[in-house]
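Here is my note on the model you sent.

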Amino acid sequence: MSNVKLPKVKESDVQAHIFQWASYIRPLKYMFAIPNGGSRDVREAVNLKRQGVKRGVSVKY
């Protein structure tokens with residue numbers, strides 16, 4: 001085994017990149033994410049939107 005250190009990647013960044021990629025593919029344009037609980041200040045809202053949360057989507061679909 002080599003001692004290669006991989007860069008730390010946050011799950012939220014990976015999810016944001018996936019949703020950015022999916023926005024260019026027509027059938028995947030309608031993907032959405034359902035957030036877990038948490039604070040809902042302006043900064044959190046921006047992060048949730050980057051991660052695929054869409055307004056008006058019910059958790060019970």
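1. A term first. Buried means under 20% relative accessible area, exposed means over 50%, and partly exposed covers what is in between. V57 has 36% relative accessibility, so V57 counts as partly exposed. V57 sits in the segment after α2, the helix of residues 42–50. Keep in mind that this is a predicted model.

2. Where does V57 stand relative to A33? Along the chain, V57 and A33 are 24 residues apart.

3. Secondary structure is quickly listed. The chain has two helices and zero strands. Helix α1 covers residues 11–22. Helix α2 covers residues 42–50.

4. The box filled by the C-alpha atoms is roughly 50 × 30 × 20 Å along the principal axes.

5. Burial comes next. Of the 61 residues, 11% count as buried. The chain exposes about 5900 Å². Carbon and sulfur atoms supply 57% of that area.

6. On contacts, take the pairs of residues at least 6 apart in sequence. Of these contacts, 41% join residues at least 24 apart.

7. Now charge. The chain carries 12 positive side chains and 4 negative ones. The centres of the two sets lie 7 Å apart. Side chains of opposite charge can pair when their charged atoms come close.

8. How many salt bridges does a search of the whole structure find? The search finds one. R50 forms a salt bridge with D13, and the closest N and O atoms are 3.4 Å apart. That falls under the cut-off, which asks for a side-chain nitrogen of Lys or Arg within 4 Å of a carboxyl oxygen of Asp or Glu. R50 lies in helix α2 and D13 in helix α1, so the pair ties together parts that are 37 residues apart in sequence.

9. Are the two partners buried, partly exposed or exposed? R50 has 39% relative accessibility and therefore counts as partly exposed. D13 has 25%, so D13 also counts as partly exposed.

10. Q51 is in the segment after α2. At 16% relative accessibility, Q51 counts as buried. Which residues does Q51 touch, leaving aside its neighbours within four places in sequence? Q51 is in contact with S12, Q15, A16, F19 and A33.

11. V14 is found in helix α1. V14 and Q51 are 37 residues apart in sequence, and their C-alpha atoms are 8.5 Å apart in space. V14 has a relative accessible area of 39%, so V14 is partly exposed.

12. Last, the loop. I25 lies in the loop between α1 and α2. The relative accessible area of I25 is 30%, so I25 is partly exposed. I25 and S12 are 13 residues apart in sequence. From C-alpha to C-alpha, I25 and S12 are 21 Å apart in space.

Note on methods:
Residues are numbered from 1 along each chain as its sequence is written. This is a predicted model: local features need pLDDT of at least 70, side-chain atom pairs count only at pLDDT 80 or more; totals for chains, interfaces and linings use all residues. Side-chain values use heavy atoms; hydrogens and water are left out. Helices (H or I, at least four residues) and strands (E, at least two) are DSSP runs, numbered from the N terminus. Buried means under 20% relative accessible area, exposed over 50%, partly exposed in between (1.4 Å probe, protein chains only). Contact means heavy atoms within 4.5 Å. Accessible areas come from the Shrake-Rupley method with a 1.4 Å probe; for residues, only the protein chains shown count as cover. Lys and Arg count as positive and Asp and Glu as negative; His and the chain ends are not counted. The place of a charge is taken as NZ of Lys, CZ of Arg, CG of Asp or CD of Glu.
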